[in-house]
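Student: I have the sequence and the structure open side by side, and I would like to work through some of the packing with you. Could we take it step by step?

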Amino acid sequence: MSFKGKVVLITGASSGIGAETAIHFAQLGALLSITGRNKYNLDKVAEQCGQSKPFIVTGDIANENDVKNIIDSTIKHYGKLDVLVNNAGIVEFGSIEISSLEKFDNIFNVNVRSVFQLTALAVPHLIKTKGNIVNVSSVTGLRPMKNNLPYCMSKAALDQFTRCVALDLASQQVRVNSVNPGGVQTNILRDTGMSQEQLKTFFERLKGGHAFGRNGDPSEIAKTIAFLASDDASFITGVTMPVDGGWMVMPAPI
């Protein structure tokens, strides 16, 4: 599998799945554009990408002007776009009884609205290259999780977005797919207010939701993203692919 000469734009690339995806694509020869809010962390990821240094665009994916700058800067730098990886996202916990409209708006602005805007801006460039899009969703878009309503709703919306855009762009030979990870131990929960001890307990408990009895590693998700973006997946579009250690086949707790 090679991405030599292919321009790949990855959002949320400063840590976790996004960072591992950037490093993996770099190993496969891609020309990278990576974006996130933390310049220091993006620089650290760029160092791990080896000699093929990524182009870095710092910005907040929830800011309309920043989103436009991400696309404009990438095209100005490379002249084209072959792959868009919509990875940036946040988590909010809460049930219908305690979730606020503010939480709802915040998570949908980041997890759905920004993806809609960035994708719409990227599409004309992807049509030119017959490129493709990989959205990073979650198994919670396919199966509900207690006390996780806003996040589950946002990922379900992202999955339907994937299917609709795949249908819209199929005639242009642009593929659109999603990966739906199970529990993956990253820093995505650091802004939820959990203490380090609570996070440790949460991830330990999360292991039991997987048939494999363990949480996933970001590198496992990165490899699936690269596969879906590669020519090896040339006949795959509109797919929401669980990469979940058997989360989807686990029986409901009695």
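**Contacts and helix packing**

Tutor: We start in this predicted model with Pro181, which, leaving out residues up to four places away in sequence, touches Ile17, Val136, Ser137, Ser138, Val139, Ile221 and Val243.

Student: Is Pro181 buried or exposed, and what is its relative accessible area?

Tutor: Pro181 is found in strand β6, which covers residues 175-181. Buried means under 20% relative accessible area. Pro181 therefore counts as buried, with a relative accessible area of 5%.

Student: Which residues of α1 make the contact with α7?

Tutor: α1 passes α7 in a right-handed crossing. On the α7 side the contact is made by Pro218, Ser219, Ile221, Ala222, Lys223, Ile225, Ala226 and Ala229. By class, the contact of α1 with α7 has eight nonpolar, four polar and two charged residues. The residues contributed by α1 are Gly16, Ile17, Glu20, Thr21, His24 and Phe25.

Student: How far apart are the end C-alpha atoms of helix α3, and what span should its 15 residues have?

Tutor: Helix α3 takes in residues 64-78, and at 1.5 Å a residue its 15 residues should span 21 Å.

Student: Which residues of α3 are buried, and what covers them?

Tutor: The buried residues of α3 are Val67, Ile70, Ile71, Ser73, Thr74 and Ile75. What covers them includes β1 (7-10), β2 (31-36), β3 (55-58) and α4 (101-129).

Student: Which residues does Thr162 touch, not counting those up to four places away in sequence?

Tutor: Thr162 lies in helix α5, residues 149-169. At 0% relative accessibility, Thr162 counts as buried. With those sequence neighbours left out, Thr162 touches Asn135, Val176, Asn177, Ser178 and Val239.

Student: With which residues is Asn148 in contact, leaving aside its neighbours within four places in sequence?

Tutor: Asn148 is found in the loop between β5 (132-136) and α5. Its relative accessibility is 2%, so Asn148 counts as buried. Beyond those sequence neighbours, Asn148 is in contact with Val91, Glu92, Phe93, Gly94 and Thr140.

Conventions: Residues numbered from 1 in each chain as written. Predicted model: local features only at pLDDT ≥ 70, side-chain atom pairs only at ≥ 80, totals over all residues. Heavy atoms only, no water. Left-handed = near helix turned anticlockwise from the far one by under 90°. Helix = DSSP H or I, 4+ residues; strand = E, 2+ residues; numbered from the N terminus. Contact = heavy atoms within 4.5 Å. Nonpolar A, V, L, I, M, F, W, Y, C, P; charged D, E, K, R; others polar. Expected span 1.5 Å × (residues − 1). Buried < 20%, exposed > 50% of the residue type's maximum accessible area, 1.4 Å probe, protein only.
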